[in-house]
Amino acid sequence: MYLLLRDGDSFEIRTSGNSAHIPMEFPLSGSCGQKGSRVDYSKWKNFVDGRPVVFDGLDEGIVDSWNRCRKMEIDPAPRSCWDFMPMDQLEAFSSTLQKICGDVERTAYESIRGRGLLLTFTNANARVVRTCGDLEVLRQADKLNFGPGANWAEECVGTNAIGTSLVTGRPMQVFAEEHFCRSHHSWSCTAAPIMDPHGHIWGCFDISGPASSDHSKSLELVLQATRSLEQRLGRLYCSELEGQLGSIFSSMFNSVMTGILSLDRTGHIVSANGAAETLLGSPWETLRGRKADEFFDYGDFLVRARESKNGGPIVMRCLSNPELFVRALVVGNAGGTCLNTMVTICEPQSVHQVAAACGHAADSHVDDSEDIPAGFEHVLHSSRAMRTAILKAARVARTPSTVLLQGESGTGKELFARGIHRAGPRADKPFVAVNCGAFSGELVQSELFGYRGGSFTGASKQGREGKFRKADKGVLFLDEVSEMPLQQQVNLLRALEERSVVPVGGTTPVPVDVKIIAATNKDLRELVRQGRFREDLFYRLNVVGIGLPPLRERGTDIVLLAEYHLERLCAEFGIRCEGLNSRAAERMLAYDWPGNVRELVNCIEYAVNTMSGPVLMEEHLPHYLLEKAVVPSSGSPKAVGSGFQLKDREADAIREALDFHGGNISKAAKALGIGRNTLYAKMERHSIQA
C-alpha cells in the first residue's frame, strides 16, 4: 500500500489496483531540533570487521542488537530486503489494521507531511503491511525493497527501529550508522510496538526517512499513535469477544437434537433452532415472529400454567403434528412476573431408533476424532480421500524417510508438511521452510548450504549457515521444488545422498541430519520426461509420495470448510452469523474449485462482506461462481458432463452414513461433514427416514 499526494488536498492509498481517497482534516505539527547518529562510520566498520570498539553514549539496545546481528551472521554489506510474503497471507492482520488505523494514520500523516518521511505498519513478525508518505521518499524506500510483504526483522535486515523494537518490546530510534547494514546508513527511523489487550506484541508503528529529513517530532508522534492504536485494538477485541460469545451461544442453541423455541409474553416466537424449524415442517422459513397458537394448543397451556402450583414444565399438544412430544416452561423473575416461555419439541422414539441405540451402546465411548493423528488436528475434513492422505502422512512422520507431497496449488501442502513435523520424533527440533522458486540460480547454493567468509563479493566475513544446517536434527521443507534451476539440482541430489553439505567457498563436507519434505504442484514425472527435472533427483525425493486430493474431489468437505471459515471470519469481523443456507451450499458443491481451499476461503470472505443478514445466501456468493456452478431450478446441482445428478449421490451418501451408524443422526452428520440441522433438512428433502 502506498500513499501519494493528489492536488494538495487528499492522499491516495494504493493496493492491488484499488484506491481510497481520504480528505486531509488535521493541522501540521511544528518542528524543533532533532537528534543524530550516536556512532560514526569508523566505529561501525571496526565492529563489523571484528575489531574492538568503545561505544560512548550509544543506546544499550542498539549495542545488544548489533551483537545479535553478529551472532545471527547478518551480512552488513549493502543489500536490499530479499524476503517477501504474499499480501494475501497477511489479510487477517491487514483487515484488523484497516479497522483501527483510519484517523490515527491521517493525523500522523498530516504531522509528517512535507518532511520527507513515511509511515509504516507491520505485524508482530515485522512484515510490512501498510506504508504511506510523500511520493519522493516512497521512491527512495523502493530502492531498499521497503514495501508491502517485506520482512523487516533483525534476522533479515539487521538493526532497525521496527525489528529491534519488536525484539526489545519498547520504542526504538535508530539513526544513520546505528543501522547494522550499510545500505540503511542513509536512513533514520523511530518505531514502537503495538500491544494487544493480553499484553502481547500485535504489531509495530514506524516513522522513517532519509537521515537528512526532519525527525524532530517522530518519537512523540510514534508514541501518540501507538497509544491510540492500542486503545482501538482493545475496543475491537471487546466487540469481537461479544460477537464470539453470541456465536457460541447460538452454536449451543442449534447443536442440540431437540427443537427449542422461545416465546415472549404475547405468545410470539422470538427464537428457534434448526431442529424446531424442521420438526414443525418449515425448514426453509423462519419461525420467528409467528404466533405459538399456529402450532400448539397454546391457550390451553396458559390456563393450565396459571393453575399449576409446582411451576414445572407442562405438556402441550402440537396441532401440526400430534405425534411430537412438546413441553413448555414459563420463565419468570423473582417477583413472579412472566418473562418468556421455553418450549422443547422431541420426536417419538421409534423401535428402530431404540434398537440402534442399544446395538451401538458398546461403541458409545468411541470418539470419531480419536483416529486423527496428533499434528493433524487442524486439517478439517470428513472425506475418505483426505483421511487416507492424513493417515499415510502420520505413518511416514515416524521415520526419517524423505516425503514428496504432490497436489494442486491451495490443497494444503505446507499444512501437511508442518503436520508431519509435529507428528514425528523431530517435533521439538527446527522446521525450516524454503521456497525453491524464490532464489536465482546463483543464490540457491549459498542459501541452502551456506558459505564461508569472503567466498564471493559482498559475502559476510563471518560466513553464513545455510538452510540445511539450520534444520539440523529437524525437518527441511522444500516447497515448489520443481522450480529449482536444473543446473543446481545436482547439488541438492548430492546433499540428499551424502547427508552432508559443502558451504560455498569451502572444501570440507559438514554432516547434517534432516528429514526432507518436498512439495510441488507440477507433475514431476512429466518434467523428467521433458528434461526439465533430473530423474535421479526425482527418485531420491519420491521415497514416499503422498498425493493431496483437490477440493473438488473431497465432496462434503467443501461445505465443512465453508461453514468453518464462515464462522471464523464472521467472528473476526464482528458480524452476526447463523450459518450457510442450503441453496448456497448446493452452489458451492456444484463448483469445480480450481483454486482449491485458498479460493474457497477468498470466496467466503467475499460473501461475508456482501451478506445483508445473518445467513449466507446464494446471492452473496461471487458472480463467477454463480455462473459456473450450474444448479437447475429443482435445487439439485448438476455435475456438468458427468451424466448424473449430485442430488442422487447426496441422497445415497446420506443413506450410507445413516446405515453405517445405525440411524444415529449425530454420528452420521459428523461423518458427512455437515451439521445435524443441515442433515435433518436434507433428509426431509430426499424423503429419507432414519
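This is a predicted model: local features need pLDDT of at least 70, side-chain atom pairs count only at pLDDT 80 or more; totals for chains, interfaces and linings use all residues.
Me: Why are α2 and α6 called roughly perpendicular to each other?
Reply: Helix α2 (residues 60–71) and helix α6 (residues 161–168) pack at an angle of about 100°. Angles of 65 to 115 degrees count as roughly perpendicular, and α2 and α6 are therefore described in that way. Their axes lie 11 Å apart.

Me: What makes α2 and α6 count as meeting, and which residues are involved?
Reply: Contact requires heavy atoms within 4.5 Å. On the α2 side the residues are Gly-61, Ser-65 and Arg-68, and on the α6 side Thr-164, Val-167 and Thr-168. This contact divides into one nonpolar, four polar and one charged residue. Gly counts as polar under the scheme used, so Gly-61 of α2 belongs to the polar group.

Me: What makes a space in this model a cavity, and how many are there of 30 Å³ or more?
Reply: A cavity is a set of points where a 1.4 Å probe fits but cannot get out. By this rule there are two cavities of 30 Å³ or more.

Me: How is the lining of the largest cavity divided by residue type?
Reply: The lining comprises six nonpolar, four polar and one charged residue. Among the lining residues are Phe-146, Trp-152, His-179 and Asp-206. Asp counts as charged, so Asp-206 in the lining is assigned to the charged class. Strands β7 (187–195) and β8 (201–210) each supply at least two lining residues.

Methods
Residues are numbered from 1 along each chain as its sequence is written. Side-chain values use heavy atoms; hydrogens and water are left out. Axes are lines fitted to C-alpha atoms, for helices over the stretch in contact, and angles run from 0 to 180 degrees between N-to-C directions. Helices (H or I, at least four residues) and strands (E, at least two) are DSSP runs, numbered from the N terminus. Angles under 35 degrees count as roughly parallel, over 145 as roughly antiparallel, 65 to 115 as roughly perpendicular and the rest as oblique. On a 1 Å grid over the protein atoms alone, a cavity is a set of points where a 1.4 Å probe fits but cannot get out, and a pocket is an open set with protein on both sides within 12 Å along at least five of seven lines; lining residues have an atom within 4 Å of a point. Grid points are joined across faces, edges and corners, and a volume is the space filled by probe spheres set on the points.
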